[in-house]
Amino acid sequence: MSLGADRPEILVVSSTARFRSLAKRIPQPSDTVLEIGCSSGGTTRNLIKSGARIFATDNSRTFTDQLREELEDTPRVSVHHVDGRNINELVRLVAAPNLIFIDIGGDARLDHIALQVRFCLLAYRPRLIVVRNFELAWVTSMTTLSEPPDEHVDCFPLLSESDDLTLETLLELSHSANVNNRIYAVRKLLGLEAPAAAERIAAMRHDPEARVRRTIERIDGW
Ligand SMILES: C[S@@+](CC[C@H](N)C(=O)[O-])C[C@H]1O[C@@H](n2cnc3c(N)ncnc32)[C@H](O)[C@@H]1O
């Protein structure tokens, strides 16, 4: 399925106050909401007030354990320890959210947040994505002309698990300018059998960043 008419609306904000206020105002009880980067639940608590079904996720186990305990008796919300870069796991958790709230840090770099948005567009067809990020907010606020490509240029073909989202997204992450993304990709690629994964790891043994090379040595040896 191509994006076409199903193109989601994207709201980009900078402040936590605005992000939380949108979380209070936008969802309807019939909505299914995926939150990526729930932290200690400041936004989650607002999402809950809507009566929508909420899947709150974060890659910090400390946050998810605490929030899960706090919301144990609250209906229609569940809290999960998932890294947003692991789009396969997100899809297994929630197949078709119609709203996605992303706050993986206002100061997360543009390439990092762009990748997260890209993964969401490859995996889902939501009605709306709300993102909090400073660099993305700057770029979008400086944009005075935006010409979408022709409909036949399908930038975000909807991928299914059978398209091996894991391998695709990990290979992409392994080329990220962000060192932490490359380290994350190395750890996951080392667990895959696919020849493409082994090939990429071989190339990454020469990564310019020592931390990436050391991660491979530690897990896989030479
Ligand atoms: C600024 S906080 C979110 C604050 C939240 N919106 C609120 O209203 O309280 C950012 C959160 O994103 C999480 N995070 C960062 N990178 C992530 C990733 N790749 N996947 C999931 N969560 C991530 C961090 O652990 C942190 O808890």
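Reply: One term before we start: two strands count as paired if DSSP finds at least two bridges between them. With that in hand, valine 33 stands opposite isoleucine 54 in β3. Keep in mind that this is a predicted model.

Me: Which residue is the bridge partner of glutamate 35 in β3?
Reply: That's alanine 56. The strands involved are β2 (residues 32-36) and β3 (residues 53-58), which run parallel and are joined by five bridges.

Me: And what's the strand order in the sheet?
Reply: The order is β1-β6-β5-β2-β3-β4, in an open sheet of six strands with parallel pairing. At the edges you find β1 (9-13) and β4 (77-81); each has a single partner strand, so one side of each is left without a neighbour in the sheet. From one strand to the next, the twist averages 15°.

Me: Which strands does helix α5 touch?
Reply: Helix α5 (residues 110-123) packs on the sheet and touches β2, β5 (99-102) and β6 (128-132). The direction of α5 makes about 165° with that of β6.

Me: Is β2 mostly covered or mostly open?
Reply: Mostly covered: four of the five residues of β2 are buried.

Me: OK, the core. How many residues are in the largest nonpolar one?
Reply: There are 51 residues in the largest nonpolar core, and Val33, Ile54, Ile100 and Phe101 have the most contacts inside it. The element that gives the most to this core is α5, with six residues. Both domains take part too: the core draws at least three residues from each of domain 1 (4-142) and domain 2 (164-220).

Me: What does isoleucine 100 touch?
Reply: Leaving out residues up to four places away in sequence, isoleucine 100 touches Leu34, Ile36, Cys120, Tyr124, Pro126 and Ile129.

Me: Back to the domains. How far apart are the centres of domain 1 and domain 2?
Reply: Taken over C-alpha atoms, the centres of domain 1 and domain 2 are separated by 26 Å. The contact takes 10 residues from domain 1 and nine residues from domain 2. On the side of domain 1 that touches domain 2, α4 (87-93) and α5 are the elements that give two or more residues. Of these, α5 gives the most to that side, with five residues.

Me: Why does threonine 166 count as partly exposed?
Reply: Because it has 19 C-beta neighbours inside 10 Å, and a residue needs 20 or more to be called buried.

Me: Switching to the ligand. Which residues come nearest?
Reply: Gly37, Ser39, Gly42, Thr43 and Gly84 come nearest, out of 19 residues around the ligand. Both α1 (16-25) and α2 (42-49) supply at least two residues of the shell around the ligand. The most comes from α1, with three residues.

Me: Which residues of α2 are buried?
Reply: The buried ones in α2 are Thr43, Thr44, Arg45, Leu47 and Ile48. They pack against α1, β2, β3, α3, β4 and β5. After α2 comes glycine 51, with a positive phi near 85°.

Me: Where does serine 39 lie, and what's its phi?
Reply: Serine 39 lies in the loop between β2 and α2. The phi of serine 39 is near 50°, a positive value in a residue other than glycine. Most residues other than glycine have a negative phi.

Me: What about arginine 76, where does that lie?
Reply: Arginine 76 lies in the loop between α3 (61-70) and β4. Its phi is near 65°, again a positive value in a residue other than glycine. Arginine 76 is partly exposed, with 14 other C-beta atoms within 10 Å.

Definitions and conventions. Residues numbered from 1 in each chain as written. Predicted model: local features only at pLDDT ≥ 70, side-chain atom pairs only at ≥ 80, totals over all residues. Axes fitted to C-alpha atoms, helices over the stretch in contact; angles between N-to-C directions. Contact = placed C-beta atoms within 7 Å. Core = buried A, V, L, I, M, F, W, Y, C linked by C-beta atoms within 7 Å. Buried ≥ 20, exposed ≤ 12 C-beta atoms within 10 Å, placed from the backbone. Domains from an automatic or database assignment. Near = placed C-beta within 6 Å.
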